[in-house]
Amino acid sequence: MDFFVGGVARGLHLLVGFDPEVYAIAWLSLRVSLAAVALAALAAVPLGLLIGQNEFPGKRLLVVVFNTLLALPTVVVGLVVYGLLSHRGPLGGLELLYTPSAMVLAQAVLAFPLITALVLAAVTTLDSRVAPTALTLGATRFQAAWAVLSEARFAVLAALAAGFGRVITEVGAAIMVGGNIRHYTRTFTTAIALETSKGDFAQGMALGIFLLVLALAVNLAIHHLQMRWR
Amino acid sequence: MAEPLFSLRGVVKRFQGQEALNIERLDFAVGQTTAVEGPNGAGKTTLLQILALLLAPDQGRLFYAGQEVTHAGVHLTTLRREITLVAQQAYLFDASVLRNVAYGLRLRGVGRAERGQRAEAALTQVGLASFGPRRARRLSGGEMQRVALARALVLRPRSLLLDEPFANLDAESSAVFERVIAGLPAQGCTVILVSHAREQAHRLAQRVVALERGRLVT
């Protein structure tokens, strides 16, 4: 029990004490995860919209594929991205392995099916009159698609929030392609894994609390946006 | 007959192999109001959607102002910006009434000040002068239809297509629709309305066209 009490106390101490190393870890975690969500969203949002708004042969199968990819293990993603970025891999020449960029890439791969599936679901359940209404009022195809996204904005933001939640909490891919290098690629989750393996449970706990506070702050920001757009 | 705005020649539309519309020849004159009658499933809404360029015919040719619409070569958005459809249960965006009415103007790049003025004028025209800041989704059914009408009128379309404009309307909204539609031909607007409200449709239309099982009844 002392573990927990000590962990919570240290967590709060780290939070209010502005420990530079912990804040650097927090900043890197936030940066990597936000960049990964942004990168994934660039492809996932238009794709979810495209699949959701159109009928074509094989659509159901594609939806099943994306729903299956929701269960994609993070270590598998880590393994594939590691294979791509390693010296012998097709992208080895970019020398991205064990850099924050590699972590962004891996986490983007992880967030991509989740955001796609959630945007697809949001767009599919949206009123089917949105796009025709926009078109009859003079919208181009692109403007009509934007109207659909705009009408589904709460669900799209929720999809981005879910994507962020998925990547900021994952450890497998980040540790495999990032390498958990101190002051460079160490994020909250990789640091927690390290502290726990070292037996410093309280420190791990403290970092976990800090991670939750960070996730809460990001979700509060998203919630604020949703309320503003209401 | 004056120069037609729309001309249909051998237009056929099928849904899942079932013929929904088959029109050998039909013209709609510029500035004329035409009522399209027929029982449910006669193909009236399909006809309106083809005229609104939302649906492409499977067969046949559609001409707009003398120009053939092929859905492939012609830039549809340019043509659609002259034609506006008000659906039977119009969809209003999850935004304010003013934003809904100004939507089409924004798409056309009309400046903010002019957008506001024109939207307010259109709302006044449909008897909803002070409704601009309200949430569109919180209005009554009749008020929502009037907002949809204002959203179409503000664009000053060459052609206004109305799908069952009098269905489920309260007396006040119905009177507004009738007054507005009656004034459109004088502005050169070609009105095509599909309606079960026979009396109102006949009062407004210079011409009545009947459809049955997708075909014209003469």
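Let's start with two helices in chain B. Helix α3(B) and helix α5 of chain B, residues 141-153, pack at an angle of about 35°. Their axes are 7 Å apart. Keep in mind that this is a predicted model. The crossing of α3(B) and α5(B) is right-handed.

Which residues of α3(B) and α5(B) make the contact? From α3(B), take Val97(B), Asn100(B), Val101(B), Tyr103(B) and Gly104(B). From α5(B), take Val147(B), Ala150(B) and Arg151(B). By class, the contact of α3(B) with α5(B) has five nonpolar residues, two polar and one charged.

Now stay with α3(B), but turn to the other chain. The contact between the chains takes 17 residues from chain B and 13 from chain A. On the chain B side, three elements each supply at least two residues: α2 (76-80), β6 (83-86) and α3 (97-107). Which of them gives the most? That is α3(B), with three residues. The side of chain B that touches chain A has nine nonpolar residues, three polar and five charged.

Next, the open sheet. Four strands of chain B form it, in the order β2-β1-β4-β5. The pairing is antiparallel. The edges are β2 (18-29) and β5 (67-69) of chain B, and each pairs on one side only. On average, neighbouring strands here are turned by 25° against each other, direction ignored.

Strand β1 of chain B, residues 4-15, is joined to β4 of chain B, residues 59-64, by five bridges. Take one residue as a landmark: Ser7(B) has Phe63(B) in β4(B) as its bridge partner. A helix also packs on this sheet: α1 of chain B, residues 44-51. Helix α1 touches β1, β2 and β4 of chain B, and its direction makes about 125° with that of β1(B). A general point for anyone looking at side chains: in a regular strand they alternate between the two faces of the sheet.

Last stop, strand β9 of chain B, residues 207-212. Strand β3 of chain B, residues 33-37, runs parallel to β9(B), with four bridges joining them. Here Glu37(B) has Ala210(B) in β9(B) as its bridge partner. β9(B) also pairs with β10 of chain B, residues 215-217, in the antiparallel sense, over three bridges. Leu211(B) finds its bridge partner in Leu216(B) of β10(B).

What do β9(B) and β10(B) form? A hairpin, with two residues between the strands. In the turn, Arg213(B) has a positive phi of about 45°. That's the tour.

Note on methods. Residues numbered from 1 in each chain as written. Chains lettered and ligands numbered in written order. Predicted model: local features only at pLDDT ≥ 70, side-chain atom pairs only at ≥ 80, totals over all residues. Pairing = 2+ DSSP bridges. Contact = placed C-beta atoms within 7 Å. Nonpolar A, V, L, I, M, F, W, Y, C, P; charged D, E, K, R; others polar. Axes fitted to C-alpha atoms, helices over the stretch in contact; angles between N-to-C directions. Left-handed = near helix turned anticlockwise from the far one by under 90°.
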